[in-house]
Amino acid sequence: MSKIEDPGADALSVTPPKTWAAGLPGVAHAVEYSLGQTSVRRTMLTLLNLNQTKGIDCPGCAWPEPGPKQRHLNEYCENGAKHVNDEATSRRVTADFFRQHPISELGAKSDYWLNQQGRLTEPMVKRPGSDHYEPITWDDALGLLADELRALDSPDEALFYTSGRLSNEAAFLLQLFARAFGTNNLPDCSNMCHESSGAAMQQTLGIGKGSVSLDDIHESDLIFVVGQNPGTNHPRMLSALEETKRNGGQVVAVNPLPEAGLIRFKNPQKARGIVGRGTAIADQFLQIRPGGDLALFKALNRLLLEAEDAAPGTVLDHEFIRAHTTGFEEFAEQARQVSWDEVHAATGLSREEIEQVRDRVLASKSAIVCWAMGLTQHKHGVPTIREIVNFLLLRGNIGKPGAGACPVRGHSNVQGDRTMGIWEQMPQSFLDALGREFGFTPPAEHGWDSVDSIRAMLDGRARFFLGVAGNFVRATPDSEATERAMRRCRLTAHISTKLNRSHAVCGEIALILPTLGRSDRDVQAGGEQFVTVEDSMSVVHASRGRLEPASEMLLSEVAILGRLARLTLGADPDIPWEEFEADYGTIRDRISRVVPGFEDFNARVARPGGFALPNPVNKGVFPTPSGKAVFTRNEFEMLSPPEGHLVLQSLRSHDQWNTIPYAPNDRYRGIHNARRVVLVNPVDLDVLGLADRAAVDLVSVWHDGVERRARDFRVVAYPTTPGSAAAYYPETNVLVPLDSVADISNTPTSKGIVVRLEPRA
């Protein structure tokens with residue numbers, strides 16, 4: 001197989017799932033992929049600078065780095081190495097490529113094939129009625145965008161989308177431009193992943209970010225890893241959990257699938273990870289049913305209340321509860337009524353298993369709960385996270401060392417983008433500060449998030465789409481509806497480093513605007529520039545590209561946005577866009593006067609390792625209306641599929657970053673040479689009358705009567721939780737109805753899709 005072919009389901013081979021992660025194979029796969037993309041010299045240049053204090057912040061995930069003196073020479077994981085060298089590839093997409101490949105042909109290619117073509121090199125345009133992209137100058141491209149924006153009947157007909165790959169500086173300019181133009185339509189990737197986390201934590205703690213540091217992870221007595229797979233999605237977390245274990249802490253893993261990295265980790269940076277057995281990570285594995293986490297934490301909270309009843313004054317932190325919380329009595333009244341029959345039905349766990357977890361909690365002095373999309377992408381994602389906060393509050397596990405709430409973000413700067421104002425619902429205090437700094441009145445009416453943006457495009461209420469980084473078409477739910485929505489636009493434009501499917505799903509006019517990558521040197525009129533990012537634990541630090549850009553025609557995201565804003569807005573309001581482009585330090589000066597916690601930004605980020613943003617929760621300050629953390633009552637909910645149906649969760653393969661596969665394999669789960677597979681428990685296969693490797697269509701069940709079908713999958717017998725199934729996204733995004741969203745957060749329910757498996761003729 002060549003490096004750019006994409007095998008079909010018939011090429012599938014299956015081996016037993018791995019029971020450990022990383023080690024020498026992780027190193028070998030990282031090097032093999034990197035050298036397949038670029039030269040030895042460029043590979044070494046990226047890897048030796050990756051996650052170093054004066055180097056490149058890894059674009060792969062938002063897991064924090066250790067302090068400057070604790071960093072390893074090779075401070076990266078397998079997937080980070082693959083991701084940065086995927087961006088640093090020596091392959092190029094030129095105008096000749098687009099002459100040879102019409103858009104209709106590109107639309108039939110796989111995500112893998114599109115990504116493997118290489119870096120975009122010059123701006124391209126698709127004219128009305130054309131099936132080809134053709135070259136366009138930067139001046140003409142940005143002029144066309146500005147003309148289309150000014151021709152809109154209302155600023156709210158424009159959408160400004162971004163993924164978490166954007167730097168703080170570019171994100172700040174994007175939201176400034178959108179709001180100066182007159183709209184809060186700033187959908188982003190957070191809408192589709194951790195929006196439930198932010199909503200739940202804002203309601204209960206008054207801040208939408210996590211409360212722990214990397215030192216807390218190392219020092220904690222007990223860590224819950226819930227609804228996430230660190231071995232694939234953020235492998236450097238395994239190094240932190242290894243440190244937890246070596247310091248005497250315990251780990252409880254909660255997941256519908258056994259994950260190799262949470263079974264055992266062989267740290268390739270340590271001798272014991274090369275020649276030894278490595279470190280067993282999870283002390284207890286709860287193989288839960290999808291969506292059962294709310295019931296699990298309700299059960300744990302009942303058990304803790306009962307333990308306090310049996311030994312008053314020894315279990316709950318009454319002093320913390322009295323001084324820092326509200327709503328305890330109402331919460332406790334409901335918690336005591338939890339039904340064990342309902343808990344078992346929702347979780348598939350026995351009471352004994354949950355009581356074992358309770359005993360671990362009682363033996364601990366500190367606890368952290370880490371979670372990811374396995375919790376957030378359910379209809380009851382917000383109540384689930386609120387219940388986790390209840391669990392932490394009961395024993396005062398907020399604001400003390402080794403304790404707290406830890407939503408684990410995926411993109412490298414998804415949290416920073418939100419801090420910079422990329423949100424359709426930014427608080428009025430932020431808008432007021434922005435208006436004072438730049439002399440205009442930002443719009444106050446909330447804009448559209450990602451799901452509502454799709455609805456707006458479908459309805460004709462939005463006609464202009466600008467995507468900055470990311471792959472909107474493949475990251476969103478209900479793929480067929482999303483593609484119809486994009487094609488209804490007057491203009492779609494994407495600021496991108498590489499080709500993806502969003503470029504093949506076009507409005508009447510479409511633009512591809514190629515930009516510098518995180519690994520590229522960024523030289524402007526004021527000299528060589530750096531950008532900043534914020535990690536999952538609120539540490540802000542610099543990132544400096546080291547490679548020569550893929551083309552002389554590339555512009556930075558800051559330059560593209562600044563020039564577009566200047567052409568669109570003119571001098572009203574009077575914002576120094578040219579100054580911002582020449583010297584990113586001038587952007588940071590403005591950020592320091594608008595965004596709390598960024599005072600003296602330029603000086604503080606110059607320190608090795610950057611600086612941590614203040615978290616009021618860790619000082620006993622809760623920015624809620626009451627000034628206290630809030631216990632909540634959360635109604636019991638569970639997924640109950642009809643007979644003959646399963647609950648499907650979408651997930652990543654190991655050889656995948658976000659929507660882009662790097663190879664057609666998932667070697668930790670033993671899947672090779674195919675992605676259109678569905679993992680099903682052998683017991684369920686017997687009940688459904690399906691043979692292992694049978695060809696099926698996946699059909700989602702939703703009350704709108706629309707058939708959503710993912711075609712031509714192979715069934716693989718796998719130790720999933722009975723009654724559930726798993727398959728890779730973005731191939732299964734087509735199954736997620738646009739209206740199937742989490743309450744409050746409006747996040748697509750990609751981890752709770754009721755499906756039937758139809759045998760193919």
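## Strands, pairings and a nonpolar patch

Leu 679 stands opposite Ala 726 in strand S32. This is a predicted model, where local features need pLDDT of at least 70, side-chain atom pairs count only at pLDDT 80 or more, and totals for chains, interfaces and linings use all residues. Residues are numbered from 1 along each chain as its sequence is written, and side-chain values use heavy atoms, with hydrogens and water left out.

Let's stay with S32 (residues 724-728) for a moment. Five of its five residues are buried, where buried means under 20% relative accessible area, exposed means over 50%, and partly exposed is in between (1.4 Å probe, protein chains only). Ser 724, Ala 726 and Tyr 728 sit on one side and Ala 725 and Ala 727 on the other, so to speak, and both faces are covered. Strands here (E, at least two residues) and helices (H or I, at least four) are DSSP runs, numbered from the N terminus.

Val 225 has Cys 370 in S14 as its bridge partner, and Trp 371 stands opposite Pro 407 in strand S15.

Here are the pairings with their bridge counts:

| Strands | Bridges | Sense |
|---|---|---|
| S8 (residues 222-226) and S14 | five bridges | parallel |
| S14 and S15 (residues 404-407) | four bridges | parallel |
| S2 and S10 (residues 264-266) | two bridges | parallel |

That last pair belongs to an open sheet of three strands in the order S2-S10-S11, with mixed pairing. Its edge strands are S2 (21-22) and S11 (279-280), each pairing on one side only. Ala 22 has Lys 266 in S10 as its bridge partner.

Now for the surface. A nonpolar patch there includes Leu 24, Val 31, Met 44 and Ile 274. Helix H1 (23-37) and helix H2 (40-49) are the elements that give two or more residues to the patch, and H1 gives the most, with four. Val 31 lies in H1 and counts as partly exposed because its relative accessibility is 36%.

Notes: Patches are made of residues with over 30% relative accessible area and no salt bridge: like charges are joined within 9 Å, nonpolar side chains (Val, Leu, Ile, Met, Phe, Trp, Tyr) within 5 Å. Accessible areas come from the Shrake-Rupley method with a 1.4 Å probe; for residues, only the protein chains shown count as cover. A salt bridge is a side-chain nitrogen of Lys or Arg within 4 Å of a carboxyl oxygen of Asp or Glu. Two strands pair if DSSP finds at least two bridges between them.
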